[in-house]
Amino acid sequence: MKRLLITTLAMVLVWGGRVRDNDQDNDLGEDELPDLRDGYQTGVTFEYREYEYLSVNHHETVYKAEEHCKNWGGHLASIHSIGENNAVKAHVRGRFAWLGRTDVDREGDYKNMDGSRNDFKSYARGQPNNYKNEDFTIIRDNGAWYDSGPPRRDHPFGPTHGYVCKRKRVEEKLPKDYSCFEDFKYWKVGTTSH
């Protein structure tokens with residue numbers, strides 16, 4: 001029951017609380033989990049520095065992936081260091097995942113979709129190669145980046161991959177008069193008196 005509740009909560013967060021009309025059957029199946037045949041899957045969340053990430057294995061086009069990330073409160077992930085690249089790489093749940101780096105406005109002029117500065121890259125040898133006008137970036141499970149395309153004539157819905165979302169972590173500030181240690185006695189450790 002606890003697993004079902006966590007799965008449902010994650011689905012609401014990722015999909016913005018929307019319910020699809022074709023999910024009316026409420027099939028629980030053998031494992032007593034909801035029927036996820038339409039691809040509604042949970043993501044894995046992780047943190048790196050002041051950011052929170054959501055890695056989703058369900059394959060979407062880059063536009064749908066960015067829409068889901070916005071519903072989650074972020075954007076497709078921008079990466080700014082080798083440490084951040086390693087953290088994202090460790091959580092890619094499929095072979096490839098969309099990142100938020102694009103040159104869709106002008107070929108070769110890469111920008112991060114979240115508006116942050118473009119100060120790091122980890123492209124594989126020979127990448128980006130702009131094969132068939134590829135304007136978006138994916139990360140492979142080994143940490144190397146590749147360009148991947150938007151919808152095109154021979155692929156009208158565009159390639160689909162998993163994706164990684166990123167948002168600023170929000171921490172709750174506790175009121176100054178709040179203490180979970182009310183009436184708690186403590187001792188200063190490491191001091192001795194003779």
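1. Arg106, Asp109 and Lys111 are joined in a network of salt bridges, a salt bridge being a side-chain nitrogen of Lys or Arg within 4 Å of a carboxyl oxygen of Asp or Glu. Arg106 is exposed, at 55% relative accessibility, while Asp109 is partly exposed at 27%; here buried means under 20% relative accessible area, exposed over 50% and partly exposed in between, with a 1.4 Å probe and protein chains only.

2. The model is predicted, and local features therefore need pLDDT of at least 70 and side-chain atom pairs pLDDT 80 or more, whereas totals for chains, interfaces and linings use all residues. Residues are numbered from 1 along each chain as its sequence is written, and side-chain values use heavy atoms, with hydrogens and water left out.

3. The protein has 3 helices and 8 strands, which follow one another along the sequence as α-β-β-α-β-α-β-β-β-β-β. Helices (H or I, at least four residues) and strands (E, at least two) are DSSP runs numbered from the N terminus. Of the 194 residues, 36% are buried. Among contacts between residues at least 6 apart in sequence, 62% join residues at least 24 apart, where contact means heavy atoms within 4.5 Å.

4. The whole structure holds 8 salt bridges, and one of them is formed by Lys168 and Glu50, whose closest N and O atoms are 3.8 Å apart. This pair links distant parts of the chain, 118 residues apart, with Lys168 in strand β8 (residues 161–168) and Glu50 in the loop between β1 (44–48) and β2 (51–60). Glu50 is partly exposed, with a relative accessible area of 35%. Another salt bridge brings together the side chains of Arg140 and Asp141, at 3.7 Å from N to O; Arg140 is partly exposed at 23%, as is Asp141 at 39%.

5. Where does strand β8 find its partners, given that two strands pair if DSSP finds at least two bridges between them? With β2 it pairs in the antiparallel sense over 7 bridges, and Glu60 has His161 of β8 as its bridge partner. Strand β3 (residues 75–76) is also antiparallel to β8, with 2 bridges, and His75 stands opposite Lys166. Strand β4, by contrast, runs parallel to β8 over 2 bridges, with Trp98 opposite Tyr163. Strand β8 is mostly covered, since 6 of its 8 residues are buried.

6. The largest nonpolar core has 16 residues, and those with the most contacts inside it include Tyr53, Ile79, Trp145 and Val164; such a core is a set of buried Ala, Val, Leu, Ile, Met, Phe, Trp, Tyr and Cys residues joined through side-chain atoms within 4.5 Å. Two or more residues each come from β1, α3 (82–89) and β4 (96–102). A second, separate core of 12 residues includes Val56, Val62, Ala65 and Cys165.

7. Helix α3 has Glu84, Asn85, Ala87 and Val88 as its buried residues. Seen down the helix axis, these residues fall within an arc of 160°, so they line one face of α3; the arc is that of the directions from the helix axis to the C-beta atoms. The buried residues of α3 pack against β1, β2, β4, β6 (136–140), β7 (145–148) and β8.

Note on methods
Two strands pair if DSSP finds at least two bridges between them.
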